[in-house]
Amino acid sequence: MSNLFDHKGAVGKGYSQPQPLLAAHMIALPESLTRKNPARWPRLSEPEMVRHYTWLSKRNFGIDTGFYPLGSCTMKHNPRINEVIAQLPGIADVHPHQPEHHIQGLLSIFHEMQEMLEICSGMDQVTLQPVAGAQGEFTAVRCIQEYFRSRGETQRTKVIVPDSAHGTNPASAAMAGFEIVEIPSRDDGRIDLDAIRAVVDDETAVMMITNPNTLGLFEPEIAQAAEIVHAAGGQMYYDGANFNAILGLTSPGLMGFDAVHYNLHKTFSQPHGGGGPGSGPIGVKNHLAEFLPGPIVKKRPIKAGEEAHAIEDLWFGWYQPERSIGKVQQWHGNAGAVVRSWAFYRRFGKELRTMSQHAVLNANYLRHAIFREAKKAGVDDMFCDGAPTTVAKHEFTLSLQPAKEKYGISAMDVAKGLLDKGYMAPTVYFPLVVPECMMIEPTETESKEVLDDFAKHFVEVLQIDAETLHAAPTTTPVRRVDEVYAARNLCLRHPFEEDEQ
Ligand SMILES: Cc1ncc(COP(=O)(O)O)c(C=O)c1O
């Protein structure tokens, strides 16, 4: 089997079942909108199509095929009950233009999700609209920008980010038109209050930060950082990509933040990857709520005549914030993703804190297991800092700088070697402040056996000689690619034979 575009296909049509009777009555598109030339699809039968997609899926790696310890990206198991719920007809088959009385059930789910996210983050109002963490960042900084404009504080044009920040933070702020001010972290990887003091002034609009930070370390001085920024009249933005470590234990509200985004596709299970499908709702304190994109779902007591469609004595309806920055997505965003996360959240309820505790426990267990195995094998000189003395949160970083200097083995080599062991590689070269960085996040959904096996295999890879490792991976459908070439010469479609002639 190979790519279906390589098939010549049968002349005419491949085998398929007869068209449904309904097809004859379908409304034809106006001629101006129809194709002038037939699409260049290979003519394949239905079984050939199914084989093609099954073949493609087998060339892929996913959380359902193996351990996926991608730091910062939280690839956790998606309980299948989420899928069953998201596909219920009352959820999957509705249209946003249906009248409110048709969709009270779905609206009540959205409302409950908004409320649950408000509670876990300590915010006052949530919008579900953004469909990725990065889009949430952009949306929130735009709301903050409008807030300052409404107060006449148009000179607030600067956004502070630590040098360990995820790249989307400065990118989102720059897209909104802000100037980025990067501050150095302390040697221990935490934020430096003096560095914040040195840059805040009446031009500061926002400080964007995640906690635990991108090194997987909790920022114990976050409340003081918020005080400094607030005293200068700025706002605090919480990048919620690392919520998995703190849910039910603390909250951005308690830490002094004014706005947050949630990566539903990381924290609340469901499929995640390849840029989608995601969901990045944002939550804000009251003073920013009127700037949020709508529609938001609000509830009110029912009026006379609504009883037949209402859920108990409540009515759920769309609401448009008065001074909204405008839409960033269609309607309520990615409805399926919200429903999956709602199902996950509902199952955990107050037990969410155990989810975070297990995520943190798993990360620390794996970190120690790797060091233990490395010591046993006599290769612990390949990491920067010996056995860990601090407690990581839900993820941790390893610096393979010594391995590179002594043996010519880079973080990328180890990552590629792990592919040959049947694992997804951890994140490499992020955060940028750690040389030869590998970032590992096991999530709470993996068992001790999986973690022990991974630690063993990780250390086995470290023992492979540099020459062999430079050739890895050897077992994957695509071998090592020239990543710079691939990034500069994006190939997004399969070439047709005619194109090559
Ligand atoms: C710390 C951090 N912030 C923001 C993002 C952006 O989230 P998304 O990928 O949903 O756009 C990520 C994604 O990996 C992240 O790890």
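**View 1. Glu-460 sits in helix H16 (residues 448–462).** Helices here are DSSP runs of H or I with at least four residues, strands are E runs of at least two, and both are numbered from the N terminus. This is a predicted model, where local features need pLDDT of at least 70, side-chain atom pairs count only at pLDDT 80 or more, and totals for chains, interfaces and linings use all residues. Residue numbers start from 1 along each chain, as its sequence is written. Glu-460 has 15 C-beta neighbours inside 10 Å, so it counts as partly exposed. (With C-beta atoms placed from the backbone, buried takes 20 or more other C-beta atoms within 10 Å of a residue's own, exposed 12 or fewer, and partly exposed is in between.) Glu-460 and Gly-417 are 43 residues apart in sequence, yet 9.4 Å apart in space, C-alpha to C-alpha.

View 2. Helix H1 (residues 46–58) has 13 residues and reaches 19 Å from first C-alpha to last, close to the expected 18 Å. That expected span is 1.5 Å times one less than the number of residues.

View 3. Pro-212 lies in the loop between strand E4 (204–209) and helix H8 (222–231). Look for Pro-473 in the loop between helix H17 (466–471) and helix H18 (483–488).

**View 4. Two glutamates, Glu-312 and Glu-436, have a positive phi.** Most residues other than glycine have a negative phi. Glu-312, with phi of about 50°, is in the loop between strand E8 (296–301) and strand E9 (314–319). Its 8 C-beta neighbours inside 10 Å mean that Glu-312 counts as exposed. Glu-436, with phi of about 45°, belongs to the loop between strand E11 (427–428) and strand E12 (437–440). Glu-436 is buried, with 23 other C-beta atoms within 10 Å.
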